[in-house]
Amino acid sequence: MTATTPETGLTQRPSWKALQSHFGQIRGLHLRDLFSSDPGRGERMTAEGAGLFLDYSKNRVTDETLRLLRELANECGLRSRIDAMFSGEKINITENRAVLHVALRAPAGASIVVDGENVVPQVHAVLDKMASFSQRVRSGEWKGSAGTRIRNVINVGIGGSDLGPVMAYEALKHYSDRAMTFRFVYNVDGTDFAEAVQDLDAAETLFIISSKTFTTLETMTNAHSARQWLLSKLGNDESTIAKHFVAVSTNAREVAKFGIDTANMFGFWDWVGGRYSMDSAIGLSTMLAVGADGFRGMLDGFHQMDEHFRTTPFDRNLPALMGLLGVWYTDFFGAQTVAVLPYEQYLKRFPAYLQQLTMESNGKHVTLSGTAVDYATGPIYWGEPGTNGQHSFYQLIHQGTRLIPCDFIAFMKTLNPLGRHHDMLMANVFAQTEALAFGKTPEQVRAEGTPDWLAPHRVFEGNRPSNTILADELTPQALGKLVALYEHIVFTQGVIWQINSFDQWGVELGKVLAQRIIPELESAAAPALNHDTSTNNLIRRYRKLKA
């Protein structure tokens, strides 16, 4: 679709209207009734792909719902849009760019052409360069300026240059080199940097500065603080910079100006959006932590899910199924959020990572042709690892007034066997989805001997939908599969909603205004302010207290 291609209004499509009518017929159906009338539902409404198992039977859908949702996908051209993305078409129309995070994990012999050039060899050239560098650092061959090996790695970035690397490091910590310390600095709040370096030896510390343009305000502010810290610790010798800094960037001039040897600059491309970049050179810290083989294993997991999404019919296609179910709840039930609940402590940063992936992608209010949408897009994603959440926000999910679809993620094997722990963890996964779906009726509550006055407080309505995603074990490969699963859920929903999931103009305005306000806060003389009265007053108050 181009900027001038006419769109068929989503809500005017026959399948959408059929779904509206269908929703009116089944909205009152309870999951208890759906299961009791269909004894095989729990086995039938499952799908497997790329080593992941999805149980979607505890969703408020019938076979007819699923048929209509697939019809909607077909009417919206989901298959052709998938093909367009994988073939390198410039589907990011507002920036005239291809969308090719899938090329980052394509095998070496693949061909994906952008502007007449196969980009896959470029991708593998960068991967090979990363692997060589990673091996030198991990083996101790790369020495700091004092001749000591690197033991501390600090990734300096923000947004996609931080959230992916942090999440991947925490997720794959079991496989990381425990002789090395990894930290991540993203916040322009000086506390973030100060705490990151508080107990580190500068002579053993390597900074990775991740900024495509090498001009990002927060990243470069932290990068210059890192430079100053290192020089102050190592005798203010400018030549030490090259031994303690590398760059993930495309701006060789600024990288060299900073003092980084451009031989230690790792590039990526404008067809990789920041929130889709953790498997590019942005993942250099991940490769340093888990090694080149571990990183390539993660890429293989990504690619397996890519191929599943690209080739599998929608009735068995995990990202398509979950994406369509998300549309069903967002646009027909009016659900405003999705809870992602990994029952795996190593995935503690996974929900935070998904927040950028999903909300920066699909938090849009106009269609591809620039017309205002008249339906909901981009639900809020949130979550925490189980089982801690069960003792806090699960109360709202079970007995609150909001419908919150949930994705439960769990693994059949634990990486840290410890007595009964894993059986207890998995029991909670299965118990929570059962409780959410079926609840507890007033009759069941009273049968337990509960007094009538207390009974309403102990009733669980149930009928709260959930997906359960199971994998064998949390490996680098499994992590790649999970991330790609949600990337393609985002894509599916963006196609249905007729929006551009690959630009992010909404992050720009605040950054532009901040650049205007910074000198107003820092000037010696009181500046002439031309903001609204609230902002003017806040600036004056800050300047007064600062003085």
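## An exposed glutamate and its partner

Arg446 is partly exposed at 40%, a label for values between under 20%, which is buried, and over 50%. The two side chains form a salt bridge, with 3.9 Å between the closest N and O atoms. A salt bridge here is a side-chain nitrogen of Lys or Arg within 4 Å of a carboxyl oxygen of Asp or Glu.

Both residues lie in helix H17 (residues 442-447). They are three residues apart, about one turn of the helix. Helices (H or I, at least four residues) and strands (E, at least two) are DSSP runs, numbered from the N terminus.

## About the model

This is a predicted model, where local features need pLDDT of at least 70, side-chain atom pairs need 80 or more, and totals for chains, interfaces and linings use all residues. Residues are numbered from 1 along each chain as its sequence is written, and side-chain values use heavy atoms, without hydrogens and water.

## A buried pair

Arg105 and Asp306 are both buried. Their salt bridge has its closest N and O atoms 2.7 Å apart. Arg105 lies in the loop between H5 and E3, and Asp306 in helix H12 (residues 284-311), so the pair ties together parts 201 residues apart in sequence.

## A pair between loops

The whole structure holds 24 salt bridges. One of them joins Asp115 and Lys90 at 2.9 Å, N to O. Asp115 is exposed at 63%; Lys90 is partly exposed at 34%.

Note on methods:
Buried < 20%, exposed > 50% of the residue type's maximum accessible area, 1.4 Å probe, protein only.
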